Amino acid sequence: MDVDAYLARIGAVRPQAPTAQALAELHERHITTVPFENLSVHLPEPIALAEDALVDKVVRRRRGGFCYELNGAFAALLRELGFRVSLHPARVHRGDGRFGAPFDHLALLVDLDEPWLADVGFGRFARRPLRLAATEPQADAEGEFLVLDAPGGDVEVRHDGQPAYRLERRPRELADFVPACWWQATSPDSHFTQNLLCTLPTAQGRVTLAGEQLIETVDGKRVERTLAGQELVDAYREYFGISVNEAPSPGFFPAAGPRPFPN
């Protein structure tokens, strides 16, 4: 991996040692420069869960991705910098009191002086890593986070009092997430095939393209406007640094036929 190119992509400097402070700075730089987006699902273009392909997408192609891609790439960077990192599946809370299927989400645990939860691929989430062993609420620019023990030895993460996901403590390999990633990218029941999203936090709030809606939140004030055609192409470039010839259209396209299961 070209570590210097990756660090330049997120506007970070190479840390002298793998410390908690270095992890926090890398984490925040990644979240604020690499968008959470699912454009690949709607263009459509292949999603390859291999470290070299993920890093190429984020660094050379200057794109973002969703959890499997962003946390997969970030884990590769952290390992190159000397951090001890493991990949963990999580079940995302649906909002109806239930959690989704295993491998809904991929998050990272980083083993330093104590274990840290790192997650640059959940959309709106903590900008800095969370202490896994902390029993008290943890304040962050994105709100208040709480880490709790859950049944079966899992860990439940709550954001502003609401469940976000339940994380398994058993580490996995990147290849273990391939079936879930394929389902998320191809199933008509997947949130990612039903919705088109690109989002980044900003110094004053957040900017999001949800389909044709540009949503800007500045100091708590939310402004929405509908874009079309070239306006969308320009917005992807201006707000997220993403160059596309034409804006992808939201929605699942069964006429395209089933995509092959990735190897």
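1. Ring pairs link F36, F66, Y68, F103, F177 and F192 into a cluster. Rings of Phe, Tyr and Trp (its six-membered ring) are paired if their centres lie within 6.5 Å, and planes under 30 degrees apart count as stacked, over 60 as edge-to-face and the rest as tilted. By this rule there are 11 aromatic pairs.

2. The model is predicted, with local features needing pLDDT of at least 70 and side-chain atom pairs counting only at pLDDT 80 or more, while totals for chains, interfaces and linings use all residues. Residues are numbered from 1 along each chain as its sequence is written, and side-chain values use heavy atoms, leaving out hydrogens and water.

3. The ring centres of F125 and F145 are 5.1 Å apart with planes at 70 degrees, so this pair is edge-to-face. Both residues are buried (under 20% relative accessible area, with exposed over 50% and partly exposed in between; 1.4 Å probe, protein chains only).

4. In helix 8 (residues 230-240), the residues L232, V233, A235, Y236 and F240 are buried. Viewed down the helix axis, the buried residues of helix 8 fall within an arc of 160 degrees (taken from the directions from the axis to the C-beta atoms), so they line one face. Helices (H or I, at least four residues) and strands (E, at least two) are DSSP runs, numbered from the N terminus.

5. The rings of Y236 and F240 have centres 6.5 Å apart and planes at 50 degrees, so the pair is tilted. Just after helix 8, G241 takes a positive phi of about 70 degrees.
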